Amino acid sequence: MHKLLPRPVAAALATVLAGSLAACSFEPPLRVPRAPADKTPYTAGISPKKTVAPGGPSGHAQEITYGKELHEEWWKLFHSKALDELIAVGLKNSPTIAQAQAQLKQAEATARANASIFYPQVTGNLQANRSKASGAAFGGSSGFRYSLITGSVGVSYYPDIFGVNRLVYRNSEALVKYQRWELEAARLTLTGNIVTAAVSEAATEGQIRATRAIVAQERQLLELTENQYKAGAVGYLSVVTQRSQLASEMATLPPLKQQLAVYRHELAILVGAFPADARRQPFTLTELQLPEELPVSLPSQLLKQRPDIRAALSQMKAANAVIGEARAQFYPTVQLTAAFGDTASHPALFFNPVSSIWSLVGAVSQPIFEGGKLEAQKAEAHAAYDVVYAAYRSTVLNAFDQVANALRAVEHDAQTLAAQRAALRASAEALRLAQASYRAGASDYLTLLTAEVQYDNAKIAEITARSQRYQDTAALLVALGGGWWNKTDRKSPPANTQGKPHPSAGALPVTQVKP
């Protein structure tokens with residue numbers, strides 16, 4: 001005959017059993033692709049280290065320094081006070097930033113709501129009842145009336161035996177981090193768009209100025225050609241051809257003005273204003289200073305610095321917690337409830353000891369048969385994780401693609417600008433010689449017209465090459481993450497140690513990492 005264990009021993013065993021169950025978790029190890037080594041190059045072939053120096057105010061050589069930290073506010077590398085002020089207004093007033101901030105607050109409120117499951121839920125109840133009972137059951141001819149006042153406090157609690165509560169909270173916590181990274185990505189995208197639009201505006205303004213100068217020059221040549229026609233030195237065909245050339249140049253001005261208006265309106269929208277509020281002077285390329293040193297993060301650091309990669313990693317953590325939740329649904333759910341209070345027929349008796357009531361309830365529910373629903377939910381959770389896993393790999397590959405393309409663009413832009421400036425100098429000299437020869441009557445008008453067209457094309461191409469160098473430099477700094485991790489004047493997204501972001505991973509072979 002077996003003897004029952006003493007109560008203290010049984011209580012201790014129950015405590016140990018509950019603790020061991022609570023320690024287990026159904027969340028699987030987090031699968032993330034392994035991070036690339038720091039020696040892994042961004043580009044195919046030899047990585048660029050220094051660009052050529054084409055000369056001029058925007059033609060400085062740019063030295064690419066690998067492994068160096070980015071400036072905390074990367075756009076300040078262009079040393080434009082007007083640009084700094086515009087970005088400050090945009091970060092303050094942009095509706096996209098406000099939307100991301102609201103989504104973050106919503107996620108934080110959801111996380112706080114989910115955290116309440118760790119605590120007992122206490123509910124107070126007060127009820128007053130006046131009733132009439134039938135007297136027929138007691139052999140009487142009439143019923144009787146009575147009053148009943150009940151007041152109680154109820155407590156319910158769900159012990160986290162299998163860690164389901166922790167998994168629900170971990171999911172919401174990961175979604176909070178996701179929204180924080182989305183906010184950081186919105187800031188980075190906004191600043192990048194403002195810089196790009198400002199450079200485009202400056203380039204268009206430069207093209208308009210160059211076109212106006214070309215038109216003025218074409219007018220002078222038309223006047224010269226008309227004078228030579230009157231003197232009988234050239235035929236009327238030369239006059240008509242020069243008028244056509246002048247009209248063609250003038251026809252390029254309205255589209256350029258339209259493009260300038262589009263960029264001005266776009267900048268107004270980016271900073272949260274209406275297009276009609278864009279009353280400032282347009283940017284010019286002379287206002288911007290090309291950064292001479294470009295700090296480029298190492299490949300392993302890029303994964304920690306790109307907000308979109310960190311957001312994708314947070315989504316993976318949230319999906320991983322959902323897998324644990326789906327697994328835990330196969331196991332029992334325990335609920336503990338208690339209630340105590342008083343009930344009396346008269347207020348004077350409400351606090352009498354004989355009026356006290358109480359109850360203690362422990363309930364365990366265990367799924368037995370649900371038509372395959374739980375298995376389907378677990379399969380759904382695994383499939384959802386595979387979706388965000390593939391999205392993470394795609395995000396990483398796109399990030400490396402953007403950095404690699406921007407590095408090559410910075411290198412090739414300098415070469416293009418050098419070639420365009422050489423072409424501009426040559427075409428300007430050719431035009432000067434052609435004009436002198438035409439005035440002296442030593443060459444025909446066709447030679448002069450050819451020199452004009454070449455110079456006009458070279459002038460516009462040089463301005464385009466200058467602006468492209470600014471744009472691709474900005475694109476590289478944005479692709480590297482923008483330097484948010486060096487900011488000290490505002491709270492940055494969650495970090496692990498020493499102010500550095502929690503390490504994520506890249507798009508290489510799979511490893512197992514504990515959550």
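Helix H4 contributes the most to the lining of the second largest pocket, giving six residues. Helices here are DSSP runs of H or I with at least four residues, numbered from the N terminus. A pocket is an open set of points on a 1 Å grid over the protein atoms alone, where a 1.4 Å probe fits, with protein on both sides within 12 Å along at least five of seven lines; its lining residues have an atom within 4 Å of a point.

Before going further, please note that this is a predicted model, in which local features need pLDDT of at least 70 and side-chain atom pairs count only at pLDDT 80 or more, while totals for chains, interfaces and linings use all residues. Residues are numbered from 1 along each chain as its sequence is written, and side-chain values use heavy atoms, leaving out hydrogens and water.

**The pocket**

The second largest pocket holds about 240 Å³ of space. Its lining has 14 residues, and Leu188, Thr189, Gly192, Gln402 and Val478 are the closest to the centre. Two or more lining residues come from each of helix H4 (164–230), helix H8 (307–328) and helix H10 (445–479). By class, the lining has six nonpolar, six polar and two charged residues. In this scheme Ala, Val, Leu, Ile, Met, Phe, Trp, Tyr, Cys and Pro are nonpolar, Asp, Glu, Lys and Arg are charged, and the others, Gly among them, are polar.

**How the helices pack**

Here are the axis values for three helix pairs, with axes fitted to C-alpha atoms over the stretch in contact and angles running from 0 to 180 degrees between N-to-C directions.

| Pair | Axis distance | Angle |
|---|---|---|
| H4 and H9 | within 11 Å | roughly 20° |
| H4 and H5 | within 9 Å | roughly 165° |
| H9 and H10 | 7 Å | about 160° |

H4 therefore runs roughly parallel to H9 (an angle under 35 degrees). Their crossing is left-handed, a term for a near helix turned anticlockwise from the far one by less than a right angle. Gln217, Leu221, Leu224, Thr225 and Gln228 of H4 meet Leu431, Gln435, Tyr438 and Arg439 of H9, where contact means heavy atoms within 4.5 Å. Those residues comprise four nonpolar, four polar and one charged.

H4 also crosses H5 in a left-handed manner. Among the contact residues are Thr211, Ile214 and Val215 of H4, along with Tyr236, Ser238 and Val239 of H5. This contact has nine nonpolar, five polar and five charged residues.

H9 and H10 are therefore roughly antiparallel (an angle over 145 degrees). H9 passes H10 in a left-handed crossing, and their contact divides into 24 nonpolar, nine polar and eight charged residues.

Methods. Grid points are joined across faces, edges and corners, and a volume is the space filled by probe spheres set on the points. Angles under 35 degrees count as roughly parallel, over 145 as roughly antiparallel, 65 to 115 as roughly perpendicular and the rest as oblique.
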